[in-house]
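Here is a brief report on one protein model. It covers a pocket, some aromatic pairs and a helix.

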Amino acid sequence: MNLDREAAGDSYSSSPEADEIRTQAAVASISKLYKAPLPSTRTGPLYNAFSYPTKISPEAIAVYIAAHTEPGATVLDAFGGSGTTGLAALLCDRPTPEMKSMAESLGVKPKWGARHAHLFEIGTLGSFVSDTLCHPPEPDAFSRAVDEFCAMAEEKLGWLYEAKDADGRSGALRHAIWSDVLVCPHCEAETALWDASVKIKPLSMSDAFRCKGCRKQVAIDACARATETVVDAFGRKQLTKKRVLARIHGKCGSTKWQRPPTDADRELLARVAKVKPPRSAPNADIEWGELRRAGYHVGIDKLHHFYTKRNFIAMATLMELAATFPANVRDALRLLVLSYNASHSTLMTRVVLKKGQSDFVLTSAQSGVLYVSGLPVEKNIVEGVRRKSKAFLDSFRLLHGSRSRVTVHNASSEAMPLNARTIDYVFTDPPFGGYIPYAELNQVNELWLGRSTDRAREVIVSPSQNKGVAEYGQMMGAVFKEMARTLKPEGLATVVFHSAHSEVWRALAQAYASAGFTVEATSVLDKIQASFKQVVSTMSVKGDPLLLLSKRQPERSKAKASSKIAVDVIRAARNGSRNDPQRLYSQFVGKCLELGRDVEMDAKAFYALARSEGVSERPSASA
């Protein structure tokens with residue numbers, strides 16, 4: 001590990017008065033940045049290359065890094081996630097036109113140029129993603145490797161996805177829709193969920209059906225799901241949900257088609273059932289925590305239970321093939337395969353019905369959960385990986401050649417191997433209490449890497465790990481003390497955080513305050529699309545509050561009570577165009593922390609207050 005810049009920190013000299021002046025000057029120079037929300041889009045190759053919950057666009061972070069620091073500065077992310085702060089550091093040396101436009105719209109004049117970033121990430125997956133993306137291979141070499149890799153994969157795996165159209169012409173499977181099987185509560189007759197609910201022309205789904213056994217009208221929600229005992233990929237008996245093929249989508253050349261399953265489709269699956277997985281295929285246990293649901297996780301005890309036999313064989317074969325390539329492209333190919341894995345290769349892939357569509361919309365696994373729907377989808381992984389390679393190639397072309405340096409530490413940030421007062425700026429996005437159980441979620445990818453995250457050091461609220469808010473706050477406090485130790489006296493830290501629970505906000509505030517940090521300004525990270533969990537949560541919060549911290553001693557102030565701050569925020573925005581309570585709660589939290597007040601009101605209570613003040617819970621048309 002190269003710590004040459006950090007070593008110079010031992011000779012750093014200053015005085016409290018000089019530090020205070022420099023801090024005030026630094027805050028004043030970037031104050032414009034915190035007067036408007038920071039736009040964080042969910043598009044572009046860098047965002048799309050690898051899906052990761054609560055991810056922030058690297059372009060947005062790059063604007064902040066370049067606005068807060070000079071070229072040559074050292075940046076720290078104590079919770080590295082999938083490496084977006086590292087990618088942002090690389091982009092600082094190669095700013096895109098979109099980044100320059102974003103900076104102009106925010107009213108700042110960044111100083112573009114190379115930076116050095118240190119990323120700390122306890123997660124096995126996050127550190128692997130970070131290290132691979134932040135050290136991109138030469139793009140043309142990667143492109144040639146992908147072509148060779150896909151040709152090898154097609155030769156070995158093409159037969160798995162053979163399919164014929166309704167006229168008997170040979171082609172390839174694009175995806176197959178499987179269906180749970182319902183059990184009638186009256187006569188116990190079995191009916192496929194697809195047959196009970198889906199109508200093709202016009203496309204619709206009903207919530208009730210007439211049972212063919214007893215002829216009674218039956219609500220789908222009143223039916224149990226059938227189970228059966230099967231032999232799994234490793235020859236072990238497994239009690240699992242009973243599923244049947246429901247629909248086949250394929251293509252012949254450039255012509256796409258769909259049809260009901262045929263005997264030929266079932267015969268192919270029978271052939272697949274007799275094939276043993278590659279020797280390298282992981283026969284690994286799933287370590288369940290908060291995400292297990294008795295209803296749709298029946299029989300899912302092993303990694304391979306998340307897959308159809310066909311796709312488990314394909315995944316194992318692809319990972320084996322990637323391992324045979326030279327070191328300069330090997331990890332990039334492994335990451336390419338994993339980027340398609342948990343999102344698109346498992347039974348968590350699904351279809352959704354959208355208004356006005358003539359066919360189901362094929363979509364990925366839901367972010368932040370391990371949900372398996374009643375109509376899971378089996379995709380052609382070989383074709384999917386080939387398509388996904390474009391985002392990686394485009395990313396590498398953006399990043400390769402940057403003079404910035406990124407060091408990824410697969411370690412806890414509670415004890416960082418960095419010298420004191422050597423970090424110029426911190427940008428970090430800590431875990432939001434119990435919002436996302438990353439280690440549990442990421443094991444579907446990590447088990448293919450052969451090593452799972454050490455959950456003992458995971459900073460999280462987790463009943464299964466015996467970690468409550470108190471334990472979470474203690475761990476966060478240790479991290480913030482390390483951030484304070486390594487940050488230069490006049491250095492600043494930007495912290496992005498999200499929670500609907502006041503007790504979690506109090507834990508965060510105690511963590512940074514005990515480390516000697518003061519809130520200088522607040523803003524909101526304005527995500528263009530909400531994540532799944534933010535959309536469905538009854539207490540979701542729009543926009544992640546964004547805090548600017550310094551090590552300046554706080555001034556004593558007679559701040560308003562938290563409830564009065566809430567009323568002021570609501571009334572000030574009542575007639576505005578962005579006045580939905582979810583967004584206002586983020587503003588309320590930021591204002592409390594900026595004024596040094598505890599966040600004494602959770603989202604549910606705030607929404608009730610907003611209703612009493614005449615603000616609807618439905619987002620406004622322009623929100």
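## The second largest pocket

A pocket is an open set of grid points where a 1.4 Å probe fits, with protein on both sides within 12 Å along at least five of seven lines. The model shown is predicted. Its second largest pocket has a volume of about 860 Å³. The lining has 37 residues, and those closest to the centre are Trp-178, Val-230, Val-231, Thr-308 and Lys-309.

Several elements supply at least two lining residues each: β12 (227–231), β13 (237–241), β14 (243–252), α10 (263–273) and α11 (309–323). The largest share, four residues, comes from α10. By type, the lining has 19 nonpolar, 12 charged and six polar residues.

## Aromatic pairs

The whole structure holds 23 aromatic pairs. One of them joins Tyr-585 and Phe-606, edge-to-face, at 5.4 Å centre to centre and 65 degrees between the planes. Tyr-585 sits in helix α19 (residues 581–594) and Phe-606 in helix α20 (residues 603–612), 21 residues apart. Both residues are buried.

Phe-606 also pairs with Tyr-607: the centres are 6.5 Å apart and the planes lie at 75 degrees, so this pair is edge-to-face. Phe-606 has 0% relative accessibility. Tyr-607 is buried too, at 4%. Elsewhere, ring pairs link Phe-234, Tyr-307, Phe-312 and Trp-448 into a cluster.

## Helix α13

Helix α13 (residues 381–399) has 19 residues. From first C-alpha to last it reaches 27 Å, close to the 27 Å expected. Asn-380 caps its N-terminal end, with a side-chain oxygen 3.2 Å from the backbone nitrogen of Val-382. Gly-401 follows α13, and its phi is positive, near 100 degrees.

Key: Residues numbered from 1 in each chain as written. Predicted model: local features only at pLDDT ≥ 70, side-chain atom pairs only at ≥ 80, totals over all residues. Heavy atoms only, no water. Expected span 1.5 Å × (residues − 1). Polar contact = N/O pair within 3.5 Å; in protein donor to acceptor, adjacent residues only side chain to side chain. 1 Å grid on protein atoms, 1.4 Å probe; cavity = no way out; pocket = protein on both sides within 12 Å on 5 of 7 lines; lining within 4 Å. Points joined across faces, edges and corners; volume = space filled by probe spheres on them. Nonpolar A, V, L, I, M, F, W, Y, C, P; charged D, E, K, R; others polar. Phe/Tyr/Trp six-rings, centres within 6.5 Å; stacked < 30°, edge-to-face > 60°. Buried < 20%, exposed > 50% of the residue type's maximum accessible area, 1.4 Å probe, protein only.
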